[in-house]
Amino acid sequence: MSSPAAPQPPAINYVAGFLLVGLAWGLTTPFIRRAAKTHAPPAHPLLARDDVKASRLKSTLYGAFFAVVDLLRNPGYAVPLIINLTGSVWFFLLIGQAELSLTVPIVNTLAFLFTVLGDWWVEKKVIDRSESCSPTIAFFHEFAELTHRAPDTWIGMALSLTGIALCVHSKS
């Protein structure tokens, strides 16, 4: 006798999981990038020692170690990184429950879409062929500029969401 199949969670659980992973991966990327760009590590006396300077291996290893430690001590880098890595754990748990052929394209597309929105929010970056918006423009005016000046971005985002809908429809 075979045991009855375990009940499937409601679809809203999968949708919430997809959105959370997409948010964790996509929206944190601009924050991580900004923190890495503006990071000014302190000088480390160990790197200035003659024995470390003389050894290419020591200087490379110590330099890499201090670079990682300094970035992780920076909350502007560490907090988004932790959220991003938490999204990876959620993704791992999600692919154990949801269908793999849907999970991967949906989550990656959502991560891309949230990265575009995050870049606009964090760096006022607009993916457009013309020049980007001025950072001095007010928030709502910038949103109006974004929707007006970057139709290619909105068309691409709409096509991405259409692709997700087609993937889901083909599996149902």
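Colleague: Does Thr-109 count as buried or exposed, and at what relative accessibility?

Modeller: Thr-109 counts as buried, because its relative accessibility is 18%. Buried means under 20% relative accessible area, exposed means over 50%, and partly exposed is in between (1.4 Å probe, protein chains only). This is a predicted model, in which local features need pLDDT of at least 70 and side-chain atom pairs count only at pLDDT 80 or more, while totals for chains, interfaces and linings use all residues. Residues are numbered from 1 along each chain as its sequence is written, and side-chain values use heavy atoms, with hydrogens and water left out.

Colleague: Where does Thr-109 lie, and which residues does Thr-109 touch?

Modeller: Thr-109 lies in helix 6. Here a helix is a DSSP run of H or I with at least four residues, a strand is a run of E with at least two, and both are numbered from the N terminus. Leaving aside residues up to four places away in sequence, Thr-109 touches Ser-160 and Ile-164. Contact means heavy atoms within 4.5 Å.

Colleague: And Phe-112, what is its accessibility class?

Modeller: Phe-112 also has its place in helix 6, and Phe-112 counts as partly exposed because its relative accessibility is 46%. The C-alpha atoms of Phe-112 and Ser-160 are separated by 9.2 Å, although these residues are 48 apart along the chain.

Colleague: How many helices and strands does the protein chain have?

Modeller: The protein chain has eight helices and zero strands. Of its 172 residues, 28% count as buried. Among contacts between residues at least 6 apart in sequence, 65% join residues at least 24 apart.

Colleague: How do I read the span of helix 6?

Modeller: Compare the reach with an expected span, which is 1.5 Å times one less than the number of residues. Helix 6 covers residues 100-123, and its 24 residues reach 33 Å from first C-alpha to last, close to the expected 34 Å. Just after helix 6, Lys-124 takes a positive phi of about 55°.

Colleague: At what angle do helix 6 and helix 8 pack?

Modeller: Axes are lines fitted to C-alpha atoms, for helices over the stretch in contact, and angles run from 0 to 180 degrees between N-to-C directions. Helix 6 and helix 8 (residues 151-171) pack at about 165°, with axes 10 Å apart. These two helices are therefore roughly antiparallel. Angles under 35 degrees count as roughly parallel, over 145 as roughly antiparallel, 65 to 115 as roughly perpendicular and the rest as oblique.

Colleague: Which residues make that contact?

Modeller: Helix 6 contributes residues including Ile-106, Thr-109 and Leu-113, and helix 8 contributes residues including Met-157, Ser-160 and Ile-164. By class, this contact has 11 nonpolar, four polar and one charged residues. Ala, Val, Leu, Ile, Met, Phe, Trp, Tyr, Cys and Pro count as nonpolar, Asp, Glu, Lys and Arg as charged, and the others, Gly among them, as polar.

Colleague: How does helix 5 lie against helix 6?

Modeller: Their axes come within 8 Å and cross at roughly 150°. That makes helix 5 roughly antiparallel to helix 6. Phe-91, Leu-94 and Ile-95 of helix 5 meet Leu-100, Thr-103, Val-104 and Val-107 of helix 6. This contact of helix 5 with helix 6 has six nonpolar, one polar and no charged residues.

Colleague: What covers the buried residues of helix 1?

Modeller: The cover includes helix 2 (28-38), helix 5 (75-97) and helix 6. Among the buried residues of helix 1 are Tyr-14, Phe-18 and Trp-25.
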